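Open the model in your viewer and keep the sequence panel beside it. This tour tells you what to select at each stop and what you will find there.

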Amino acid sequence: MAATGNEEQTLLPDIEEEAEGMEREMESEEEEEEGMGVEHSEEEDEEDTSEDERENEAEIQRLEEQLSINAFDYNCHVDLIKLLRQEGKLHRLRKARQKMSELFPLTEEIWLDWLKDEIRLTEDESDREKVYELFERAIKDYVCPEIWLEYVQYSIGGMGAQGGIERVRSIFERALTAVGLHVTKGASIWEAYREFEIVILSTVQPPPGSVPSQEQQELLNAQLDRIHTLFRRQLAVPLMDMEGTYAEYSDWADDGVPETVTHQYRRALQQMEKCKPYEEALLVSETPKLAEYQVYIDFEIKEGDPARVQIIFERALAENCLVPDLWIKYTTYLDRQLKIKDLVLSAHERAVRNCPWTMGLWKSYLLALERHGADHQTVTDVFEKALNAGFIQATDYVEIWQSNLDYLRRRVDFSKEWSRELDELRAAFARSLDYLKQDVEERFSESGDLSCTIMQIWAKIEALHCKNMQKARELWDSIMTKGNAKYANMWLEYYNLERSYGDATHCRKALHRAVQCTSDYPEHVCDVLLNFERVEGSLEDWDAAVQKTETKLNRVNEQRARVAEKEALLARQEEEKAEHRRKAKADKKGQKKSQKANRTGDKRKAEDECEDEWGDDAELPFKRLRGEEDFGCTTTEELMETESGLFGRRAPPQRKTEPPGFRKNQQGVPEPQDVSKEQRKDENSVFVSNLAFNLEDPEGKLRTLFGGCGTVQQVRLVYTPKGVFRGYCYVQFEDRLAVPEALKLDRQEVDGRPMYVSPCVDKNKNPDFKVFKYKTSLEKHKIFISGLPYTCTKETLEDLCKEHGTIRAIRLVTNRSGKPKGLAYVEYENEAQASKAVQKMDGTMLENFTLSVAISNPPSRKMEDKAAPSRILGAVMQRQPQGARGKGRTQISLLPRSLYRQSAPDAKAENGTISAPHATVTDGVHGGPGTASLDMQTKSLSNEDFARMLLKK
């Protein structure tokens, strides 16, 4: 908690003086040592020490200057405190800690160091009181068992004072309330409390052999009851090592453990077993363990014990103090469930100290203060702190002002004509407008209240509660002058205000101005004006309204026509540019093909000439037909890329001389669908793929299937030159609104195969367009399941996963034929549910299949490498049925046949060598000259060897 001015003045003044005295004594001692005659090595050590001190002092001064510039530099505060503590400068150290504690909540480590330093300097009772005050500040920042344990141990040291024992017990009880339910560390407080009471028991026991008086016996019995009560209370709480506490109580109790205590112990033990998985998850996870704490919190909320919910929230916040959502969840729970004033307000105050930049926390704090009856000055102070918190958005300041204005409005008694609260409310409205206009606009270049919400609320309050329509109209005039006059909804708000609290004359004026100024929905405003005159106006008013609305609508229609004409012109220009780019690309591609053809060898040219001369040869029709098919495929692939937006199918180019049987082979080919580019509308079309090649009546089926989405204008099927359906097509609708409905049919089964439906986008205009609609990055709220049986259905998977959280979507992965791959993605509402599902389901069995479950993190989609692998010169290659360069017009390989002859087909070539255990390389004659035996050895080939083989020398 931030210390007040009084706390700064009363914080250990005597100890500060003592600390300064100790510093002076230490400095004088150092001076005396320097004056003494010591050995040379000691003098060098002192010189090194003094050098380090000078460097540290320079660093301390630099950090202090930095903090004078920016007091909110957290790391700078921490570094300064460490250096001052290292140098032993206690007075400056205390001031540095004090300044930091005013701005930030201190961590457990900083508080413990501070407390231990102050404890070492305490001498009399007045000093102890100052340390008590310091402990009270420390326990308010975070709920830390270590600080509470240090607090109770320190209080035990003062038990000899008057009322000291009762004070120790009071601190112990507060510690148990705060951290006694801490599963892993709460037992230390219970044990310390018991040990303290056992020590007190030893002091009230009578000496051996003496008979205690009645008063002594009463004291003894009361102390024994306290110890029994502590054991019973602890055994009713689920804590670590409960068994050891139960065994200790069994040994300590003379009459044994009562049955009621045993029953409570067993219930607590059962609860501990429920908590163990969550505690183990916290032990093995890494800081900050936010997801694990979220799951633990949800579990405790479901269990319904408010005290346990509070302690798990506090544990989570101690490690995640800068997470605003966690603070919001905690304060909301306290506001709605516990409703304890001190606890609620303390949590809200700590929340805004840890995350001051979060407007929602300040807003909740103001509401909590009002809800619990805080005085007006306290609420005002908190609001002023919120304005100085440094929000990151302009709209945050608008919301915090609205919260304060709502609070001030609820304080006003509007039954009185005048009140101080009403003047304060009006002053706050005026101040809020000035603040947004000056401070917020200067920082964010906008006020954050574009629709003037605050002014609208002010005007409505003046009209409704204060009956001051004149002030309300002035405010609305100001609203309209801030750029809102062109919006119909703003005028209708003003009209409704006048209609409710004003008169017909001002309503008519407002509507006439609205018709004149509105630019977004003029038709609606005109209708409102005409309907108003039907109810309120005379004939002259009606005629004026009709004339005004007709003039406005005619002017609007003219403007819209000009805009549409301009857009059409721009669209045509873009289309012409795109056509020009396509033509340039096609010309460039044709030039490359012609240049490549000109570079073809003489042997290829001779073959072409022979092909032209032997046009009537028996084998020619088959070869020409294959050539045509290849050309047609290439053309089709170029003009009809998947989802490219280039529709239709072009027939292969006709040859001048058609070989016999050509028409016979072309029977059954559907006629090409000649659709002009003007008739093709990409924005009204979808691309449909992964259909079966043997689908019967595909056009009829697709029209029926997509008919429910909208009116189907045409279905353009894509065929091969032989008339075989390629399995994809384009479906064009009359209305573009049907496209989103058609996209919903993606992956619907058609004849046992999933049909893929995607937008029709021209890749020439949108080269970066991707159809894959699923994310390829980490999704913490989604799990990936592998190892599923192929018979698993969505219903089976949903029954299996729904017990771990609310399921939003399930996707079973299939191949293109619709058969399952044994993989699935399950999407939950949040990360906590997904993490729980991974912990519970990973490694489980389903129909004798072991499931592997993990958070969804699919690999990134990479483009396939289409580059052909390089070949090593001299490598032994087998004959390829399509030729060394793939399918082409010539199947002749330029590699000598002698290199194809080998007895070991798996011979490999690396770096110019041939390694084949039983390979023989000849010059074409078996056993002739030039035979080289390569049995069981590796022979390197030189350039002469290659030349000899190629030239057959």
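Helices (H or I, at least four residues) and strands (E, at least two) are DSSP runs, numbered from the N terminus. Counted that way, the protein has 35 helices and 16 strands. This is a predicted model, in which local features need pLDDT of at least 70 and side-chain atom pairs count only at pLDDT 80 or more, while totals for chains, interfaces and linings use all residues. Residues are numbered from 1 along each chain as its sequence is written, and side-chain values use heavy atoms, with hydrogens and water left out.

**The whole protein**

Start with everything selected and a surface shown. The protein exposes about 56400 Å², an area from the Shrake-Rupley method with a 1.4 Å probe; for residues, only the protein chains shown count as cover. Carbon and sulfur atoms supply 49% of that area. Of the 953 residues, 37% are buried. Buried means under 20% relative accessible area, exposed over 50%, and partly exposed in between (1.4 Å probe, protein chains only).

Now think about contacts, meaning heavy atoms within 4.5 Å. Take those with a separation of 6 or more: residues 24 or more positions apart account for 61% of them.

**Stop 1: two charges over rings**

Select Arg128 and Tyr154. The charged end of Arg128 sits over the ring of Tyr154, 4.1 Å from its centre. The test is that NZ of Lys or CZ of Arg lies within 6 Å of the ring centre and within 35 degrees of the ring normal. Next, select Arg167 and Tyr132. Here the charged end of Arg167 sits over the Tyr132 ring, 3.7 Å from the centre.

**Stop 2: aromatic pairs**

Show the rings of Phe, Tyr and Trp (its six-membered ring); two of them pair if their centres lie within 6.5 Å. Planes under 30 degrees apart count as stacked, over 60 as edge-to-face and the rest as tilted. The structure holds 30 aromatic pairs.

Pick Tyr278 and Phe299. They are stacked, 4.6 Å centre to centre, with 25° between the planes. Tyr278 belongs to helix H13 (residues 259–284) and Phe299 to helix H14 (residues 290–303), so this pair ties together parts 21 residues apart in sequence. Tyr278 counts as buried at 18% relative accessibility. Phe299 counts as buried too, at 12%.

Move on to Phe313 and Tyr330. This pair is stacked, at 4.9 Å centre to centre and 25° between the planes. Phe313 lies in helix H15 (residues 306–319) and Tyr330 in helix H16 (residues 324–338), so the pair links parts 17 residues apart in sequence. Both Phe313 and Tyr330 are buried.

**Stop 3: Tyr365**

Go to helix H18 (residues 359–371), where Tyr365 is found. Is Tyr365 buried or exposed? It is buried, with a relative accessible area of 8%. Leaving aside neighbours within four places in sequence, Tyr365 is in contact with Leu345, His348, Glu349, Val352 and Val382.

**Stop 4: a cluster and a serine**

Select Phe383, Phe391, Tyr397, Trp401, Tyr435 and Phe444. They form one aromatic cluster. Then select Ser432 in helix H21 (residues 420–444). Ser432 counts as buried, at 0% relative accessibility. Beyond its neighbours within four places in sequence, Ser432 is in contact with Trp401, Leu405 and Ile454.

**Stop 5**

Two strands pair if DSSP finds at least two bridges between them. Colour the open sheet with the order S2-S3-S1-S5-S4; its pairing is antiparallel. Strand S2 (712–719) and strand S4 (748–750) are the edges, each pairing on one side only. From one strand to the next, the twist averages 30°.

Axes here are lines fitted to C-alpha atoms, for helices over the stretch in contact; angles run from 0 to 180 degrees between N-to-C directions.

Zoom in on S2 and strand S3 (residues 725–733). They pair in the antiparallel sense over six bridges. Which residue of S3 is the bridge partner of Arg716? It is Tyr730.

**Stop 6: strands around S8**

Select strand S6 (residues 779–786) and strand S8 (residues 820–828). They run antiparallel, joined by five bridges. Lys782 stands opposite Glu827 in S8. Finish with strand S7 (residues 807–814), which pairs with S8 in the antiparallel sense over seven bridges. There, Ile807 has Tyr828 in S8 as its bridge partner.
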